[in-house]
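Keep the 3D view open as you read.

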Amino acid sequence: MWRTRAAAACVICRSLANSSYGIKRKSPLQNLHLVSRSIHHPYYPSSKFQRPPLRISIQLFSSLNRLPLRKTKLLDVKYGYQSHRNFWLARLASRLLKLRYLILGSAVGGGYTAKKTYDQWKDMMPDLDEYKWIVPDFIWELDEHIDFEKLIKALPDADDLAKLLPDFDKIGESFTSLKGFFSPGSPGETAFRATDQGYDNDKQYKKGLLGELILLQQQIQQHEEEARRAAGQYNMGSSQQKRKVSDKEKIDQLQEELLRTQLKYQRMLERLEKENKELRKLVLQRDDKGIHQRKLKKSLIDMYSEVLDILSDYDASYNTQDHLPRVVVVGDQSAGKTSVLEMIAQARIFPRGSGEMMTRSPVKVTLSEGPHHVALFKDSSREFDLTKEEDLAALRNEIEIRMRSSVKEGCTVSTETISLSVKGPGLQRMVLVDLPGVISTVTSGMAPDTKETIFSISKAYMQNPNAIILCIQDGSVDAERSIVTDLVSQMDPQGKRTIFVLTKVDLAEKNVASPSRIQQIIEGKLFPMKALGYFAVVTGKGNSSESIESIKEYEEEFFQNSKLLKTCMLKAHQVTTKNLSLAVSDCFWKMVRESVEQQADAFKATRFNLETEWKNNYPRLRELDRNELFEKAKNEILDEVISLTQVTPKHWEEILQKTLWERVSTHVIENIYLPAAQTMNSGTFNTTVDIKLKQWTDKQLPNKAVEVAWETLQEEFSRFMTEQKGKEHDDIFDKLKQAVKEESIKRHKWNERAEDSLRVIQHNALEDRSISDKQQWDAAIHFMEETLQSRLKDTESVIEDMVGPDWKKRWLYWIGRTKEQNIRNETKNELEKLIKCDEEHAAYLANDEVTTVRKNLEARGITVDPCLIKDTWHQIYRRYFLKTALNHCNLCRRGFYYYQRHFVDSELECNDIVLFWRIQRMLAITANTLRQQLTNTEVRRLEKNVKEVLEDFAEDNEKKVKLLTGKRVQLAEDLKKVREIQEKLEAFIEALHQEK
């Protein structure tokens with residue numbers, strides 16, 4: 001009986017050894033890649049690229065793989081030569097004792113194995129924390145209520161366990177098939193991983209379908225082995241020449257049967273994916289509606305896309321380059337880049353044209369999974385429903401508008417990136433950048449530097465060592481005409497991050513005389529460039545109105561009937577955009593996981609350097625970026641505008657009255673007072689004054705008053721804006737304040753009806769001649785004296801410039817006169833003699849008087865032009881008149897009594913005093929009226945204009961960059977950007993680890 005047990009144990013060990021060998025050896029099933037495992041990674045370890053839980057979950061279905069693989073020696077007893085055979089009872093007892101230990105060890109080992117099996121099954125179970133609401137609470141507490149020690153003790157002994165063992169040969173064969181199906185690089189593993197990407201905790205498979213898939217895989221393996229044997233027989237020597245025809249037919253038959261089996265396998269996988277997609281869509285819709293009543297977090301790809309958006313706006317002034325991965329789509333113009341991108345996004349989202357350049361700027365497309373197929377821009381909240389044709393047309397139009405608006409005048413393409421996010425059920429999570437197509441010739445209508453600009457844009461994106469280059473090649477044209485392949489081979493000579501895609505394969509199959517040329521392209525033997533993988537796709541029949549579903553159906557139908565697949569020139573895993581999408585997504589996430597932490601460390605070091613520089617240069621200042629500085633300046637400007645309302649009425653009126661009189665005083669003296677003073681009597685004087693005041697009021701005075709008021713408002717506003725406020729003054733705002741002031745004043749317009757109302761008020765004020773008291777009379781005399789003295793001083797200065805310095809200055813400062821000044825001096829002396837002879841001389845010289853003066857000067861040898869004589873007379877007579885008027889003004893100080901009696905029985909006439917009183921009163925009333933308009937209307941309108949200007953500046957980033965400049969601003973901007981990038985990268989890395 002013991003020998004029988006030992007033999008059984010040996011059979012078990014041999015079965016285990018055979019099954020273990022089946023697990024370790026490489027299954028031939030791995031050679032068939034049906035769905036996505038199209039890229040061989042010779043440069044990166046495949047363990048990082050796969051999802052181990054799938055393999056583990058299959059390997060842990062049995063605890064037998066934990067048993068030792070060496071043969072167990074149950075009865076390792078060596079029998080030597082015995083001279084005495086009288087101790088058989090002792091030998092029998094020793095054997096029984098060994099048997100006791102063996103049984104005891106088997107029982108203990110069985111219990112330990114059962115406990116390990118339970119622990120492994122427990123670890124294999126998916127994490128259902130997010131969906132804990134589905135399972136009752138008591139399920140999660142089972143491990144607290146079950147005593148596994150008692151369970152181990154209750155297990156049967158080793159003999160009973162041996163009876164319960166299954167057929168190990170069948171288990172070994174099944175286990176080998178399952179391992180080959182889920183091994184790295186197998187189509188089953190890649191398909192399930194791609195189908196359930198991002199949802200490792202939700203993997204549920206149907207046993208029936210899984211069994212069918214395994215049987216199909218075994219059939220495919222058998223067909224491949226038969227095809228290889230038939231091919232080997234077909235290539236044998238001349239002895240089998242007669243059987244070549246029948247063997248070739250057999251090979252063709254086996255290949256067709258293999259292709260049918262592959263297509264059946266593919267359809268079953270698509271059925272599984274479709275069911276899984278519908279289930280995920282329902283889960284996402286529940287999350288979207290808030291059924292779980294939990295806060296939804298941003299998806300992993302959305303977090304990553306935000307980091308890329310910030311990096312695109314960041315100017316790397318501190319040598320911190322953007323090396324984060326993204327998929328860069330490059331290709332010749334009209335090679336089908338946009339069509340491939342649309343097939344991956346499953347929507348016709350890009351503008352299309354026939355042979356013309358449509359992609360004029362880089363377009364960053366972030367693909368992520370969601371319950372609804374929608375698209376939205378980074379800077380807009382509008383969602384475009386990609387299932388509706390009108391929304392698709394609006395999206396294409398919006399993209400075209402943004403592209404054209406980003407292109408500067410005189411250019412054809414732009415470096416400005418358009419950021420677009422596309423969400424939908426079943427989309428592979430990744431970030432792609434569609435670049436303008438590479439051209440070989442600049443055509444009419446393009447800028448001369450278009451070719452070089454496109455090359456520089458493409459190189460800028462491809463030189464990122466972590467960027468995945470999706471090289472698109474048009475299969476319908478000669479390969480020698482390709483430009484992009486040389487460019488890609490320069491940027492990635494080893495092909496470590498390049499994926500080659502051959503488009504329009506349907507046209508290539510029709511047009512290419514030698515189909516083997518397509519095979520050479522896909523195998524990487526035609527082009528000098530190297531790549532991780534090669535794909536062949538079909539993106540439609542060339543009709544822009546085709547839908548994505550019709551293109552997918554056409555692509556599938558084409559490859560089912562294509563000779564390229566039937567003759568094995570192309571492999572099943574190298575065709576269709578679906579397989580391409582899965583492979584690109586896998587590469588993208590592998591690159592992200594390998595490089596993101598290194599980038600986070602680089603930005604952390606940059607942040608430390610920037611913070612240290614700020615502390616050294618600006619230790620007492622806050623780190624305010626450009627937007628924060630603009631808000632601070634905005635508040636200061638609004639406070640200064642409000643300060644205008646706090647100016648006192650007295651201050652306004654004094655400034656307005658003074659400025660207005662400075663503006664109109666020359667007109668009053670030259671055109672009103674001097675002509676009226678030449679009259680012979682008071683009646684004529686008053687009549688002349690009234691006529692000239694009326695004309696002045698109707699035509700000039702109101703307009704001059706409004707101009708003065710507007711200039712006064714500007715001056716006060718500028719004074720408040722430029723006034724330094726001690727230590728709190730920050731000169732970094734000066735340029736911004738000046739621009740706001742100029743733009744606000746430019747936009748401000750005075751109320752048009754103000755002049756009409758002001759004209760009536762001024763006319764009424766000037767018609768009044770009644771001076772009520774002595775105080776007003778004295779004020780008018782003082783006003784007249786100040787005006788005349790100011791004019792006299794100016795006249796004296798003009799005369800001194802004309803005739804040169806007097807004898808005192810010539811002797812004291814050794815200054816001489818010029819020849820012209822000597823002539824003018826002699827002319828002045830002659831004219832003064834003329835005034836002394838006639839003190840009541842008119843304001844103008846008669847012609848005979850001019851001749852007399854000229855002849856007198858010629859008699860002394862001085863030749864004088866008549867115009868010079870008249871010009872000199874004007875200044876001499878003005879000085880004489882002003883002095884006479886001042887003397888008359890002194891005489892009128894006691895004339896108020898005669899004024900009240902209308903100068904009856906008095907030789908004194910003070911009509912000029914009354915004129916200046918009327919002018920003074922008009923100035924006061926006008927200043928008061930303008931002050932009311934300023935404080936009640938114009939200041940508020942100016943404040944409104946300032947707010948509008950500030951709002952416009954706030955939306956114009958270029959304006960803010962231009963007006964808020966300097967090392968301090970740029971340092972704060974860089975520090976803010978680097979902090980934001982680092983924080984978002986750390987949050988993304990944390991979420992990435994949680995997903996792992």
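In this predicted model, nine strands form an open sheet in the order 4-3-5-2-6-1-7-8-9. The pairing is mixed. Strand 4 (384–385) and strand 9 (533–536) are the edges, each pairing on one side only.

Seven bridges pair strand 2 with strand 5 in the parallel sense.

How many residues of strand 7 are buried? The count is seven of seven, so strand 7 is largely enclosed by the rest of the structure. In a regular strand, side chains alternate between the two faces of the sheet. Both faces of strand 7 are covered. I468, L470, I472 and D474 are buried on one side. I469, C471 and Q473 are buried on the other. The list includes a charged residue, D474, and a polar one, Q473.

E342 sits in helix 13. Is E342 buried or exposed? Its relative accessibility is 1%, so E342 counts as buried. Beyond its neighbours within four places in sequence, E342 is in contact with A347, R348, I349, F350, R352 and I548.

Now turn to two helix pairs. Two packed helices are described by the angle between their axes and by the distance between those axes.

Helix 22 (residues 626–644) packs against helix 34 (residues 911–955) at an angle of about 175 degrees. Their axes are 10 Å apart. Angles over 145 degrees count as roughly antiparallel, and helix 22 and helix 34 are therefore roughly antiparallel to each other. From helix 22, the contact uses F630, K634, I637, L638, V641, I642 and L644. Helix 34 contributes V939, L942, E943, V946, K947, L950, F953 and A954. By class, the contact of helix 22 with helix 34 has twelve nonpolar residues, three charged and no polar.

The second pair is helix 23 (residues 649–677) and helix 28 (residues 774–803). Their angle is about 85 degrees, with the axes 12 Å apart. Helix 23 and helix 28 are therefore roughly perpendicular to each other. W661, S665, T666, I669 and Y673 of helix 23 meet F783, M784, T787, L788 and R791 of helix 28. The contact of helix 23 with helix 28 divides into six nonpolar, three polar and one charged residues.

Finally, step back to the whole chain. The protein chain holds 36 helices and nine strands. Of its 996 residues, 45% are buried. Among contacts with a separation of 6 or more, 81% link residues 24 or more positions apart. The accessible surface comes to about 54900 Å², and 50% of that belongs to carbon and sulfur atoms.

Conventions:
Residues are numbered from 1 along each chain as its sequence is written. This is a predicted model: local features need pLDDT of at least 70, side-chain atom pairs count only at pLDDT 80 or more; totals for chains, interfaces and linings use all residues. Side-chain values use heavy atoms; hydrogens and water are left out. Helices (H or I, at least four residues) and strands (E, at least two) are DSSP runs, numbered from the N terminus. Buried means under 20% relative accessible area, exposed over 50%, partly exposed in between (1.4 Å probe, protein chains only). Contact means heavy atoms within 4.5 Å. Accessible areas come from the Shrake-Rupley method with a 1.4 Å probe; for residues, only the protein chains shown count as cover. Axes are lines fitted to C-alpha atoms, for helices over the stretch in contact, and angles run from 0 to 180 degrees between N-to-C directions. Angles under 35 degrees count as roughly parallel, over 145 as roughly antiparallel, 65 to 115 as roughly perpendicular and the rest as oblique. Two strands pair if DSSP finds at least two bridges between them.
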